[in-house]
Structure formats: C-alpha cells, structure tokens
Amino acid sequence: MRGPDSILPLALRGLRYAVGGRVLLDGVSFTVEAGRRVLILGPNGAGKSLTLRLCHGLIEPTSGSVAWARPEEAARRRRHAMVFQRPVLLRRSARANILHALALAGIARGRRGGLADDALARFGLDHLAATSARVLSGGEQQRLAMARAWALDPDILFLDEPTSALDPAATRAIEEMIGVFHARGVAIVMTTHDLGQARRMADEVVFLHAGRLVESAPAERFFTQPETAEARAFLAGDLLW
C-alpha cells in the first residue's frame, strides 16, 4: 500500500463536460480507492478517454469535481501519471524522455539519473537508453511510456487503451508491467475495448454509455450478473446507439 501522504481516494462528483453546446459527459460519479484496478468500459463515444483526461487535469470539467484526498499533494507533486493509446514522446533518447518528465515533476537533479536508469532496467529497456524514442517500435514506445510513469512513483496511473495498437506479445508485456505497478500499490484506472483483458485485470468496472455512467460494480458481478440492459447488450457484443 502507499504511504500516509497518498492523494487517494479520488472521488468524481457529478462530472459534466460540454463543448459547443454539446454535452459529452453528464453526471458521472465514482470513487477510486488506493490500490484498486478500475476498468472503464463502454462503446466508442461513451466518454471513456474524456473521463481519464478530466481526472488527470488535462481539461477542466464544465461542472462537478475531481476531488483528491490531498489536493495540495496532487497539484504540487503530480502524484498521478497517464499513459496514452499513442505514447507522447519527445525527439530525444529514451533516457532523456524520462529525465525530462522527472524535471517537470520537480525531482531534484541529483536523483533523476538513478530514477531513470532504474525504470529503464526494470522494464527491460536499459539497452535502448541512448536510442531515439521516435525510432523505437510501437511496443517499445509504450513500454517507455510505462517506464516514464514508473519513475514518477505515482499513487494512481491512468491508462487510455494502452494495448489497442499492439500485437499479443507486446500486449502481454504491457499487462505484466501494469501488474508491477499494481504490486507496488498503485491504483489503476484504465480504458479498454478488450473484454478478455478487462476480465483479467479489473477489480471494479465502470460502464459508460452516451456520456453517462450506466453501471458501476465489482468486476465479477458486472461480468456475470450485469444489472442494466445496456451492459448486458455490450457484453453480448450488440451495438449500442
């Protein structure tokens, strides 16, 4: 488990987001406890990625709130990290990408090199430390994004379909890396379209449809006894409009 200064739990309260008069997310509320793995499911356009971006502070909600247990820590030390479907990497070496993230997080210069090297080694990227991040394979780039998040030592990690563009071997590697974060006590909030992956990884499921939270439940119950018609249709592979 994380220390007493953890920024968790995270509570989403009536989260709403609208742009150009169009409501994209409406009244979404759920809580993420320390160490839990929350999988956000739903069809395309449900608001899954948008929810992650609101949680991570990349955009501000129109109304409602993203409430951290220790908001001053969340703001000061950026104790949350995010890995995107397509990694956002600088035109620098793999190691320099991690060093840059540590500098932005306010980590002392003298600590950055050791943290970067540890993260690269832990996830099997040490031999690529001097390689330009832009020439790495898709799987290697995603592993680098995960290593960069690891170096930041977050309390919570947001993952936006991190394996959607990867082959089975690379997908398995990323899932194993997520397991390393979870073993460290990091809470995971992840979107995926892969129901098999969700069954393997989820402690809890949040199901969104058309910008609304339709169902929130422990994973075992959601997959075996979904309460709503929308969730049952989704699990059956039916189209939702």
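A salt bridge here is a side-chain nitrogen of Lys or Arg within 4 Å of a carboxyl oxygen of Asp or Glu. By that criterion, a search of the whole structure returns 14 salt bridges. The model is predicted, so local features need pLDDT of at least 70 and side-chain atom pairs count only at pLDDT 80 or more, whereas totals for chains, interfaces and linings use all residues. Residues are numbered from 1 along each chain as its sequence is written, and side-chain values use heavy atoms, with hydrogens and water left out.

**View A. Salt bridge between aspartate 155 and arginine 79.**
The side chains of aspartate 155 and arginine 79 form a salt bridge with an N to O distance of 2.9 Å. Aspartate 155 sits in the loop between helix 5 (138-151) and strand 6 (156-160), and arginine 79 in the loop between helix 2 (71-77) and strand 5 (80-83), so the pair ties together parts that are 76 residues apart in sequence. Helices (H or I, at least four residues) and strands (E, at least two) are DSSP runs, numbered from the N terminus. Aspartate 155 is buried at a relative accessible area of 0%, and arginine 79 is buried at 6%. Buried means under 20% relative accessible area, exposed over 50%, and partly exposed in between (1.4 Å probe, protein chains only). Asp155 and Arg79 also belong to a network of salt bridges that links them with Asp5 and Glu73.

**View B. Salt bridge between aspartate 153 and arginine 184.**
The closest N and O atoms of aspartate 153 and arginine 184 are 3.6 Å apart, and the two residues form a salt bridge. This pair links distant parts of the chain, 31 residues apart: aspartate 153 is in the loop between helix 5 and strand 6, and arginine 184 is in the loop between helix 6 (168-183) and strand 7 (187-191). Aspartate 153 is partly exposed, at 32% relative accessibility. Arginine 184 is also partly exposed, with a relative accessible area of 28%.

Arginine 122 and aspartate 118 form a salt bridge, with 3.9 Å between the closest N and O atoms. Both residues lie in helix 4 (residues 109-122), 4 residues apart, which is about one turn of the helix. Arginine 122 is partly exposed at 46% relative accessibility, and aspartate 118 is partly exposed at 35%.

Alanine 46 is in the loop between strand 3 (37-41) and helix 1 (48-56). With 0% relative accessibility, alanine 46 counts as buried. Leaving out residues up to four places away in sequence, alanine 46 is in contact (heavy atoms within 4.5 Å) with Leu25, Leu208, His209, Ala210, Gly211 and Arg212.

An open sheet of 3 strands has the order 2-1-4, with antiparallel pairing. Its edge strands are strand 2 (22-32) and strand 4 (63-68), each pairing on one side only. The twist from one strand to the next averages 20°. Strand 1 (residues 10-19) and strand 4 run antiparallel and are joined by 5 bridges; two strands pair if DSSP finds at least two bridges between them. Arginine 16 stands opposite serine 63 in strand 4. Helix 1 lies across strand 1, strand 2 and strand 4, at about 115° to strand 1. Axes are lines fitted to C-alpha atoms, for helices over the stretch in contact, and angles run from 0 to 180 degrees between N-to-C directions.
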